[in-house]
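Reader: I'd like to learn how to read side-chain features off a model. Can you walk me through some?

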Amino acid sequence: MEKIFVFDLGNVIVRPMSVKKLYEMLECKVSFENFYEYFKGDKSSDDIHRGLISTEEYIKRILKFSGSDKNVEEFIGIFTGPIRNGLFKNTVELIDRLKKEKQKVCMLSNLRKIDFEWFSTQYDISKFDNLYLSYQMHLMKPDDEIYIEMIKDLGVSSSSIYFFDDSQVNVDAAKKLGINAYCVTGDTINKINL
């Protein structure tokens, strides 16, 4: 039976960005707690991950909320540079090994277009056979639809898919559909016996 390996991006391939550093570099006029809550949980965050608003609109909303005097270009410079912490070596080596073994490797991720653009400057995205990106699909994990679309597109049974994500909610949603799903980070992915 064919196996297809599907990786989340954030905290599985890419180390988490420093929201605290973003807050500091934007010179925000709200508390860090308020900024963090807005950055992670505001409707703008959901809209940008679903590709329903542009990167520029998203940035303008953050700048307005935070009271930052930075402009869109300055925000992009910060967001794609100093707050980034690089890639997880363990996951990169696993993907490289799977590709050498002629295995099919895909990505399924809730992310903003700006995140993917940054990632594509850090890693050879041609190593992925298929990309399932929330901002392009207008769907997000853990909603069933995003997994169902991926399964249909791959043209395999869900039991052929091995999925790695750092969110237990996303893993549980995948398992409910028959996907072999593992809750891991780039630090723990090597503990999975494939």
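Reader: Let's start with K141: is it buried or exposed?

Author: Keep in mind that we're looking at a predicted model. K141 has a relative accessible area of 5%, so it is buried.

Reader: Which side chain does K141 meet in a salt bridge?

Author: The general idea is that side chains of opposite charge can pair when their charged atoms come close. Here K141 pairs with D165, at 2.6 Å from N to O. The two sit 24 residues apart and link distant parts of the chain: D165 is in strand β4, while K141 is in the loop between α8 (134-137) and α9 (144-154).

Reader: And D165, is that one buried or exposed?

Author: D165 has 0% relative accessibility, so it goes down as buried. Its strand, β4, covers residues 161-165.

Reader: What else does the side chain of D165 reach?

Author: The backbone nitrogen of S167, at 2.8 Å. If you skip residues up to four places away in sequence, D165 also touches D8, V12, K141, N170, V171, Y182, C183 and V184.

Reader: How many salt bridges are there?

Author: The count comes to 19. One of them joins D47 and R61, with the closest N and O atoms 3.8 Å apart. D47 belongs to helix α3 (residues 43-49) and R61 to helix α4 (residues 55-66), so this pair ties together parts that are 14 residues apart in sequence.

Reader: How accessible are D47 and R61?

Author: D47 is at 7% relative accessibility, so it counts as buried. R61 comes out at 27%, which means partly exposed.

Reader: Which residues join D47 and R61 in a network?

Author: K43 and E57 do. Salt bridges with shared partners join K43, D47, E57 and R61 into one network.

Reader: How far apart are the closest N and O atoms in the salt bridge of R112 and D115?

Author: They are 2.7 Å apart. R112 has a relative accessible area of 6%, so it is buried. D115 is buried too, with a value of 7%.

Reader: Okay, on to rings. How is a pair of aromatic rings described?

Author: By two things: the distance of the centres and the angle of the planes. A search of the whole structure turns up 14 aromatic pairs. Take F32 and Y36: their ring centres are 5.8 Å apart and their planes are at 50 degrees, so we call the pair tilted.

Reader: Where do F32 and Y36 sit?

Author: Both are in helix α2 (residues 32-41). They are four residues apart there, so about one helical turn separates them. F32 is at 19% relative accessibility, and the cut-off for buried is under 20%, so F32 counts as buried. Y36, at 38%, counts as partly exposed.

Reader: What about the rings of F119 and F128?

Author: That's another tilted pair, with centres 6.3 Å apart and planes at 55 degrees. F119 has a relative accessible area of 0%, so it is buried. F128 is buried as well, at 7%.

Reader: Which residues form an aromatic cluster with F32?

Author: Y23, F35, Y36, F39, F75 and F79 are in one cluster with F32.

Reader: And which charges lie over rings?

Author: Here are two cases. The charged end of K20 sits over the F32 ring, 4.6 Å from its centre. R84 lies over the face of W118, and its distance from the ring centre is 4.7 Å.

Reader: Last topic: nonpolar cores. How many residues does the largest one have?

Author: It has 24 residues, and F7, I13, M107, F119, F128 and F164 have the most contacts inside it. The elements giving it two or more residues are β1 (4-7), α6 (89-100), β2 (104-109), α7 (113-122) and β4. The largest share, four residues, comes from α6.

Reader: What is F119 in contact with?

Author: Leaving aside neighbours within four places in sequence, F119 contacts L9, I13, V14, L87, M107, I125 and F128.

Methods: Residues numbered from 1 in each chain as written. Predicted model: local features only at pLDDT ≥ 70, side-chain atom pairs only at ≥ 80, totals over all residues. Heavy atoms only, no water. Phe/Tyr/Trp six-rings, centres within 6.5 Å; stacked < 30°, edge-to-face > 60°. Buried < 20%, exposed > 50% of the residue type's maximum accessible area, 1.4 Å probe, protein only. Lys NZ or Arg CZ within 6 Å of the ring centre and 35° of its normal. Polar contact = N/O pair within 3.5 Å; in protein donor to acceptor, adjacent residues only side chain to side chain. Contact = heavy atoms within 4.5 Å. Salt bridge = Lys/Arg side-chain N within 4 Å of Asp/Glu carboxyl O. Core = buried A, V, L, I, M, F, W, Y, C linked by side-chain atoms within 4.5 Å.
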